Amino acid sequence: MDYQALRKKQEELRAQGKLIGIGFSTYVELCGFGPSKVAGAIGFQGGVWENSTVRVHPTGKVTVYTGTSPHGQGTATSFAQIVSDKLGVPIEDIELVHGDTQSISMGWGTYGSRTTAVGGAAVAIAADRVVAKAKRIAAHELEVATEDIDFAGGVFSVKGVPGREKTFQEIARSANFAWNLPDDVEPSLEAQSFFDPSNFVYPFGAHICVVEVDKDTGEVALRKYVAVDDVGKVINPLLAEGQVHGGVVQGIGQALWEGAVYSENGQLLSGTFMDYTMPKARFFPRVEWHFTETPSPVNPLGAKGIGETGTTAAPPAVVNAVMDALQPFGVDDLDMPLTPEKVWKAMQNRREGI
């Protein structure tokens with residue numbers, strides 16, 4: 001942000017009569033609710049584990065069943081990436097099945113930024129179990145001990161013996177046809193996991209916002225927004241960026257525009273979009289985003305929650321920025337949302353000594 005230069009610029013603009021404000025927020029959030037014994041101890045009526053089944057077909061194509069129920073986060077893509085990385089199969093050969101109670105034994109859903117940290121962890125564990133079984137079959141076919149098998153890029157190879165190898169697709173066919181399996185290995189190539197996290201995950205970060213307040217109308221214009229978040233291991237940067245952008249927009253909407261207004265007798269007065277401001281793209285500058293990566297120790301992916309980073313950090317950052325802009329008026333506290341009318345009235349009251 002070049003903070004010192006920004007403060008100097010703020011002084012210059014204030015001398016010209018412009019109200020510029022700079023706001024910060026730092027946060028640590030609690031996500032990926034668990035373990036289940038803690039949930040039970042505090043009265044939560046359910047478990048907080050998650051399950052997944054990874055099923056490999058004779059062709060080498062893969063179906064992944066998950067108990068989480070995504071609703072727009074790009075989970076099919078990120079879970080396919082996890083499985084592709086584990087099994088060495090193309091992403092387009094992986095199908096995700098969710099929300100199907102006839103196919104999935106149980107699931108606890110999508111909330112609290114738990115989808116990847118808990119549901120994705122279950123997927124990763126099931127995929128690792130598939131690889132472990134496939135290694136035993138490959139070792140049997142290549143006539144070596146299991147510990148002599150390397151697996152990388154979808155190929156099982158004998159350590160130190162170039163050319164002695166089997167592809168993942170070949171082993172998938174062998175497992176499903178069961179023509180030449182070790183005596184103690186059952187047919188098929190699939191695995192299930194039930195992952196109950198040992199603790200929460202804790203994403204953290206800092207958001208910085210610059211606003212300009214119109215003296216005559218009280219309207220707040222966003223001039224710059226920078227988000228720096230640590231959500232552990234970032235699986236898909238594009239999806240992560242989208243989650244941050246969406247969360248920031250929702251959080252700013254809460255800070256500046258969105259509010260349910262009731263009359264004194266309880267009648268909802270903001271029941272239509274004529275009376276309730278929805279955030280629009282033209283309200284926002286380009287959100288600048290950055291990630292640091294501190295892997296979580298409580299799941300095999302090292303992932304933390306990301307869906308709520310913006311909604312957690314944006315409201316205080318924006319409100320702090322508006323309060324900083326109103327400093328010349330002595331205004332230091334306003335309740336959200338900071339609508340133009342509310343900001344204008346606060347400035348007028350101070351002008352009039354109220």
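Helices and strands here are DSSP runs, numbered from the N terminus. The close-ups below come from a predicted model.

**View A. Lys-133, a buried lysine without a salt bridge.** Start in helix 4, residues 115-142, where Lys-133 lies. Glu-186 has the nearest side chain of opposite charge, 5.4 Å away, and a salt bridge would need the charged atoms within 4 Å. Look instead at the backbone oxygen of Glu-186, which the Lys-133 side chain reaches at 2.9 Å. Beyond its neighbours within four places in sequence, Lys-133 is in contact with Val-185, Glu-186, Pro-187, Ser-188 and Leu-189.

**View B. A nonpolar patch on the surface.** Val-28, Leu-30, Tyr-202 and Phe-204 make up this patch, and together they have about 380 Å² of accessible area. You will find Leu-30 in the loop between strand 1 (19-28) and helix 2 (36-41). Leu-30 counts as partly exposed because its relative accessibility is 48%.

View C. Most peptide bonds are trans.

**View D. Positive phi at Ser-113 and Glu-143.** Most residues other than glycine have a negative phi. Ser-113, in the loop between strand 4 (94-98) and helix 4, has a phi of about 50° and is buried, at 13% relative accessible area. Glu-143 has phi near 60° in the loop between helix 4 and strand 5 (149-152), and its 70% relative accessibility makes Glu-143 exposed.

Conventions
Residues are numbered from 1 along each chain as its sequence is written. This is a predicted model: local features need pLDDT of at least 70, side-chain atom pairs count only at pLDDT 80 or more; totals for chains, interfaces and linings use all residues. Side-chain values use heavy atoms; hydrogens and water are left out. Helices (H or I, at least four residues) and strands (E, at least two) are DSSP runs, numbered from the N terminus. Buried means under 20% relative accessible area, exposed over 50%, partly exposed in between (1.4 Å probe, protein chains only). Lys and Arg count as positive and Asp and Glu as negative; His and the chain ends are not counted. A polar contact is a pair of N or O atoms within 3.5 Å; within protein, one must be able to donate a hydrogen and the other to accept it, and residues adjacent in sequence count only if both atoms are side-chain atoms. Contact means heavy atoms within 4.5 Å. Patches are made of residues with over 30% relative accessible area and no salt bridge: like charges are joined within 9 Å, nonpolar side chains (Val, Leu, Ile, Met, Phe, Trp, Tyr) within 5 Å. Accessible areas come from the Shrake-Rupley method with a 1.4 Å probe; for residues, only the protein chains shown count as cover.
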